[in-house]
Amino acid sequence: MGVSDFRVVLVGGDGDGDGGGALEQWRYVHNVVVPPAAMTFEEARERLARGYRLENAYDGDVLVGCATVRPVVDGVVTVIVRVLPGYRGRGFGTALYEHVVGYACVPGVEAVETCVLGVNEDGLRFARRYGFAEVERYVLDGESDEWVDLRLVL
């Protein structure tokens with residue numbers, strides 16, 4: 001199976017209004033891939049309000065993943081690609097990453113960062129394959145899950 005039917009849809013764009021249905025799909029993928037950081041619909045909507053670019057990835061009409069691109073801060077853009085476990089290893093993550101990094105790397109961007117849940121070995125391998133290097137491992141206050149920040153200097 002290739003990614004010939006792969007498509008990406010902007011949450012809140014192309015007649016999606018406030019992003020309701022598409023935002024709920026984005027939130028579903030986010031919560032499946034990073035359950036320790038599961039968020040409510042309102043928390044997801046707040047990401048849109050902060051200027052995050054949220055997108056859903058599909059194989060035809062089947063939801064396979066999502067992406068988040070945070071606004072550039074001090075020459076650094078954060079890109080997070082999530083693929084549902086049942087669809088990994090089929091090229092969807094690559095197609096989605098190449099799609100989002102293509103518009104995230106605007107003039108003035110010096111580095112791309114990403115954040116991966118420490119137990120997500122697929123996600124860590126994926127980031128390293130694209131040249132991301134580990135910057136930091138940490139556990140948030142009051143939590144027990146380890147997170148890994150990675151950076152790719154352009």
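Predicted model: local features only at pLDDT ≥ 70, side-chain atom pairs only at ≥ 80, totals over all residues.
This passage walks through the fold of one protein chain, from its overall shape down to a few side-chain pairs.

Residues are numbered from 1 along each chain as its sequence is written, and side-chain values use heavy atoms, with hydrogens and water left out.

Start with the big picture. The protein chain contains four helices and seven strands; these are DSSP runs numbered from the N terminus, with helices being H or I of at least four residues and strands being E of at least two. Followed along the sequence, the pattern reads β-α-α-β-β-β-α-β-α-β-β. A compact globule of 154 residues would have a radius of gyration near 15 Å, and the protein chain agrees, with 15 Å (taken over C-alpha atoms; the globule rule is 2.2 Å times the number of residues to the power 0.38). The C-alpha trace spans about 40 × 35 × 35 Å along its principal axes. As for burial, 42% of the 154 residues count as buried, where buried means under 20% relative accessible area, exposed over 50%, and partly exposed in between (1.4 Å probe, protein chains only).

Now for the sheet. Seven strands make up an open sheet in the order β1-β2-β3-β4-β5-β7-β6, with mixed pairing; two strands pair if DSSP finds at least two bridges between them. At the edges sit β1 (6-10) and β6 (133-139), each pairing on one side only. Neighbouring strands are turned by 25° against each other on average, direction ignored; for such angles, axes are lines fitted to C-alpha atoms, for helices over the stretch in contact, and angles run from 0 to 180 degrees between N-to-C directions. Helix α3 (residues 92-104) packs on this sheet, touching β1, β2 (53-59), β3 (62-69), β4 (76-83), β5 and β7, and its direction makes about 160° with that of β4. Contact here means heavy atoms within 4.5 Å.

Six of its seven residues are buried, so β2 is largely enclosed by the rest of the structure. β2 runs antiparallel to β1, joined by five bridges, and antiparallel to β3, joined by seven bridges. Ala57 in β2 stands opposite Val8, and Ala57 also stands opposite Gly65 in β3. Two residues separate β2 and β3 in a hairpin, and Gly60 in the turn has a positive phi of about 65°. Elsewhere in the sheet, β5 (residues 111-117) and β7 (residues 146-153) pair in the antiparallel sense over seven bridges, with Val116 opposite Val148 in β7.

Finally, the aromatic rings. There are six aromatic pairs; rings of Phe, Tyr and Trp (its six-membered ring) pair if their centres lie within 6.5 Å, and planes under 30 degrees apart count as stacked, over 60 as edge-to-face and the rest as tilted. Tyr97 and Phe126 have ring centres 6.1 Å apart and planes at 85°, so this pair is edge-to-face. Because Tyr97 lies in helix α3 and Phe126 in helix α4 (residues 121-129), the pair ties together parts that are 29 residues apart in sequence. Tyr97 also forms a tilted pair with Tyr130, at 4.6 Å centre to centre and 50° between the planes. Tyr97 is buried at 7% relative accessible area, whereas Tyr130 is partly exposed at 23%. Tyr97, Phe126, Tyr130 and Phe132 form one aromatic cluster.
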